Amino acid sequence: MNHREDGFVGVFDSGVGGISVLRALVSELPHEDFRFFGDSANAPYGEKTEGQVLDLSRGIVEGFLEDGAKAIVIACNTATSVAAAALRSAHADVPIIGIEPALKPAARALPHGMILVMATEVTLRLEKYHELVRAWGGECEVVPVPCPGLAARIERGSLDAPDVREMIEGYVGPYAGKVDGVVLGCTHYPFVRRQIAEVLGSDVSFFDGGAGTARQLRARLEEERLLAARERDGRVEFASSLDTPEELELYRSFFDLSV
């Protein structure tokens with residue numbers, strides 16, 4: 001193994017959404033150093049072609065590895081679906097952890113329920129999502145809900161603005177009072193969980209992949225003997241392809257946001 005245990009964990013997404021996963025990673029592994037890269041100049045990936053997503057993901061991962069990353073987390077459902085297999089094949093000696101819509105825990109919790117899967121159009125179109133439904137949908141009623149434009153709107157902040165509520169109402173309003181659970185199938189969407197609940201009702205259960213991804217990262221680091229020493233405090237660094245002080249401040253504000 002070429003990667004030493006004191007290296008950092010590289011985490012990336014098309015923008016601020018992956019910070020919801022980063023929060024789960026830091027909670028699970030507070031002794032690790034994390035470097036988060038948001039590709040906000042190219043956000044959102046859910047509205048790009050598969051070839052574009054693959055090329056962007058490759059470039060980010062290669063940059064992380066050149067800087068000494070010991071592991072990579074793809075904190076983006078779309079990039080995981082499109083690029084994870086190719087990245088793992090190209091870098092077989094590096095733990096590369098992806099994220100996927102949390103349909104498995106949702107179906108286990110609500111075995112006969114109606115479950116909405118809110119996600120980007122790309123995520124819902126790919127075979128990986130359909131495999132997930134076949135494997136874990138069981139006797140649930142699984143309803144895909146594409147949310148074009150929502151990730152891009154979340155990128156701009158001001159999440160309590162009326163237009164955010166209007167967008168969410170347009171996507172899920174018809175299901176108010178009918179649905180049992182919601183899978184947040186894009187890492188941006190946990191930041192508007194409260195706003196979604198206001199539309200659908202407070203008794204709806206929510207599921208996202210952040211905690212499961214964090215547990216998987218811990219397991220892989222343990223397996224590869226790459227866990228950082230417990231006596232140290234980890235650090236979190238932010239970087240963005242939209243490299244402005246305002247963008248980095250937005251990233252920090254999302255990291256500190258109460259959701």
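**Helix crossing, α8 and α9**

Modeller: Helix α8 passes α9 in a right-handed crossing. Right-handed here means that the near helix is turned clockwise from the far one by less than a right angle. Helices are DSSP runs of H or I with at least four residues, and strands are runs of E with at least two, numbered from the N terminus. This is a predicted model: local features need pLDDT of at least 70, side-chain atom pairs count only at pLDDT 80 or more, and totals for chains, interfaces and linings use all residues. Residues are numbered from 1 along each chain as its sequence is written, and side-chain values use heavy atoms, with hydrogens and water left out.

Now the geometry. The axes of α8 (residues 162–172) and α9 (residues 193–200) come within 10 Å and cross at roughly 55°. Axes are lines fitted to C-alpha atoms, for helices over the stretch in contact, and angles run from 0 to 180 degrees between N-to-C directions. The two helices are therefore oblique to each other. Oblique is what remains after under 35 degrees (roughly parallel), over 145 (roughly antiparallel) and 65 to 115 (roughly perpendicular).

Next, the residues. From α8 come Arg165, Ile168, Glu169 and Val172; they meet Gln195, Ile196, Glu198, Val199 and Leu200 of α9. Contact means heavy atoms within 4.5 Å. By class, this contact has five nonpolar, one polar and three charged residues. Nonpolar covers Ala, Val, Leu, Ile, Met, Phe, Trp, Tyr, Cys and Pro; charged covers Asp, Glu, Lys and Arg; the others, Gly among them, are polar.

Elsewhere, helix α2 (residues 50–66) lies across β1 (8–13), β2 and β3 (69–74). Helix α2 runs at about 160° to β1.
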